[in-house]
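Hi,

Here is the structure I said I'd pass on.

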Amino acid sequence: MAGRLPVVASCDSDGCLSLMAAVRRRIAGLEAVMLRAQARLAALRPTPPGEGNPAGPGWAAEEIAAELALSPAAAAASVELAVTVVDRLPATLAALETGAIDLGRVRAVAETTAALSADKAAAVERKVLARGGRGSPSLFRQALRRAVLSADPDGARRRHAHARKGREVQLRPAEDGMAELWALLPALDAQAAYQRLDALARAVADPDEPPGMTIPHTGPDERPSMDARRADALVDLLLGRDRGAEVSVEVGILVSAATLAAVSDTPGELAGYGPIPAETVRELAREATWRRIFTDPAQGDRPIEVGRRFPAPGLARLLRTRQRTCRFPGCRKPAQFCDLDHIQPHSAGGPTSEENLLTLCRRHHRAKHEGGWTVQRTDGDTAMWTSPTGRVYPSIPEPWDVEPAGLITRRSDNDPVSQAGSPRADIPRTRNTGTDASTAGISRTSASAAPGAPGTDTYSGGGTHGVRKRAGAHGPDTDRTRRDSVLDLGSPPF
């Protein structure tokens, strides 16, 4: 074990961060010792008759429950995790011992690889751990899901079909005269439903408020939060009340053209959620509107141009497609809900170009301009963030699949030109190469589900019908973020 930790009262801001990092590494190392001890005890205790699982509600779990003041069920789950990690996921345990990942990430590896064979689980483990713990637990779990879908596409299809049968709605009582209405849905349906609620909530956010302005509310009639507005929109829709607004939303899926042509099972990427099975994407593509995205094989199939059918800034589409999420370390708010911010301020001569723009959610946009953070672009797509204490944190996006890729969109309009009759019929060819689309360097595509008004093109995550309001756009004449829209851009909480 390392030496003594410094006294907290003696630490400056940089010392506090160093102390927190050291404590986390020590906790991770101790958690690894705990897993080994639990697995060892399970091996020393016989499995109860009729129990196929040594970590079942048997003697080891009961002893641990009594010793650590846990419920028998919690102890059994803890022992099951320990046995799984020690026997099946040695690389994950080694990463925990060094402090490279924490126990939550260990649990994520065990859960996402549980349905895989030992060989496939080891392959997923190696692939994901090679890039570390990612910027947040959710990004780490997303990388795991992507690797599992790639390693076992047939199993992923079966598991999704089985999970889909379990969709449900539940009503749960809560305190203070409230209740929870909870639904388990396919990810694509949940995304589309949430974005429609969000767009409806914004479309009628405040009928007395002039477009493009935010009026402060105080006192007992203070304006409701966006969460409350979405809840009101949900109730109105379910009870058949007229909201007095038509909205259109877009749900994007990035998918390889090879997957669409059924020659690959590389998973698609649902914006705001993460990877989804290839078969699900192909089913969606049958009713999708297509938008081409050209990629450059020399840049690892990185998007270099986005084709579009509807009037919208081409550069904005390109950046939101390429960057996918907010570029602050660990943040995964979908890019469609983000602002486009100048790295070098426009007022200081910074150009409005792809090299000088990043997708930033409202909070991290403000952190850059008001919170003391700075950012610089390095080679490729890596953004290096410097904190107020001078520490540097990289924002490294997940690499594009080595297989070439393209973009689809499903919308509510019936424009025959924009409907893709067959996923094989509109596989675009790469730019700057003469390679056939079925071999290498095929473009990427995005899919959009758009319940609502036909022909409405929303490009900042939903908005009022017939009105395009760039929420939180960066003022060209100032280094500050404009506050001309409702806070909380409302991305789904996946």
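**Salt bridges, cores and surface**

R24 comes out as partly exposed, because its relative accessible area is 40% (buried is under 20%, exposed is over 50% and partly exposed is in between, with a 1.4 Å probe and protein chains only). Before I go on, this is a predicted model, so local features need pLDDT of at least 70 and side-chain atom pairs count only at pLDDT 80 or more, while totals for chains, interfaces and linings use all residues. Residues are numbered from 1 along each chain as its sequence is written, and side-chain values use heavy atoms, leaving out hydrogens and water.

Back to R24: its side chain makes a salt bridge with that of D102, at 3.5 Å from N to O (the rule is a side-chain nitrogen of Lys or Arg within 4 Å of a carboxyl oxygen of Asp or Glu). That pair ties together distant parts of the chain, with R24 in helix 1 and D102 in the loop between helix 4 and helix 5, 78 residues apart. Helices here are DSSP runs of H or I with at least four residues, strands are runs of E with at least two, and both are numbered from the N terminus. D102 is partly exposed as well, at 23% relative accessibility.

The salt bridge count comes to 24. In helix 9 (residues 187-203), D198 and R202 sit four residues apart, about one turn of the helix, and their side chains meet at 2.8 Å, N to O. D198 is buried at 0% relative accessibility, and R202 is buried at 18%. E279 and R282 are three residues apart in helix 12 (residues 278-285), with their closest N and O atoms 3.4 Å apart. There, E279 is partly exposed at 24%, whereas R282 is buried at 11%. Salt bridges with shared partners also join R131, R134, R146, E269 and E398 into one network.

Now the inside. The largest nonpolar core has 26 residues, and L35, V85, L96, V106, V124, V128 and L144 touch the most other members (a core is a set of buried Ala, Val, Leu, Ile, Met, Phe, Trp, Tyr and Cys residues joined through side-chain atoms within 4.5 Å). Helices 1, 3, 4, 5, 6 and 7 each supply at least two residues of this core. Helix 5 is largely enclosed by the rest of the structure, because seven of its 10 residues are buried. Those buried residues, V106 and R105 among them, pack against helix 1, helix 3, helix 4 and helix 7.

Apart from that core lies another of 13 residues, including C331, I343, V375 and W385. V375 stands opposite W385 in strand 12. Strand 11 (residues 374-377) and strand 12 (residues 383-386) run antiparallel, joined by four bridges (strands pair if DSSP finds at least two bridges between them). They form a hairpin with five residues between them, and G380 in the turn has a positive phi of about 75 degrees.

Helix 10 gives the most to the patch, with three residues.

Cheers

Methods: Contact = heavy atoms within 4.5 Å.
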